[in-house]
Amino acid sequence: KGPNNHVVDQPIAFLEMDFGISEQEIGRQCEELKMGAMLRISTQYKSSIKGFIVLGQLQPYEWTTLEKDLLKMISESVAIAISKVQQSIQIQAATRH
């Protein structure tokens, strides 16, 4: 367990997101988790945002250009994968009707 007894080796799932969340609220949540640094990027496919990837460090940290570039490449792959899964679900739903 990490700071504040949060399990840090498991994904945190939010069933419903409030996209009106402010930068201040994000900062508060990072502070609560005792995050020293955060790197985030959206996953976009054909100009449509499919999600976000957020990385954190417990200590203050300056992300390198290589790390930022790697996250960008990963986000592109994840966006394509999400889009393909969504297409598959739509096809399966259409063939059931």
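**View 1. Tyr-61 and Trp-63, an aromatic pair in a predicted model.** Tyr-61 is partly exposed here, with a relative accessible area of 34%. A search of the whole structure turns up 1 aromatic pair. In that pair, the ring centres of Tyr-61 and Trp-63 are 4.9 Å apart and the ring planes stand at 80°, so the arrangement is edge-to-face.

**View 2. Glu-76 and Lys-72, joined by a salt bridge.** How many salt bridges are there by the rule used here? The count comes to 1. Look for the side chains of Glu-76 and Lys-72, which meet with an N to O distance of 3.1 Å. Both residues belong to helix H2 (residues 65-96), and because they are 4 residues apart there, about one helical turn separates them. Side chains of opposite charge can pair when their charged atoms come close. Glu-76 is partly exposed, at 37% relative accessibility, and Lys-72 is partly exposed too, at 44%.

View 3. Is Ser-42 buried or exposed? With a relative accessible area of 18%, Ser-42 is buried, because buried means under 20%. Its side chain makes a polar contact of 3.0 Å with the side chain of Gln-44. Leaving aside residues up to four places away in sequence, Ser-42 touches Ile-49, Gly-51, Phe-52 and Ser-75.

Terms used
Residues numbered from 1 in each chain as written. Predicted model: local features only at pLDDT ≥ 70, side-chain atom pairs only at ≥ 80, totals over all residues. Heavy atoms only, no water. Salt bridge = Lys/Arg side-chain N within 4 Å of Asp/Glu carboxyl O. Helix = DSSP H or I, 4+ residues; strand = E, 2+ residues; numbered from the N terminus. Buried < 20%, exposed > 50% of the residue type's maximum accessible area, 1.4 Å probe, protein only. Polar contact = N/O pair within 3.5 Å; in protein donor to acceptor, adjacent residues only side chain to side chain. Contact = heavy atoms within 4.5 Å. Phe/Tyr/Trp six-rings, centres within 6.5 Å; stacked < 30°, edge-to-face > 60°.
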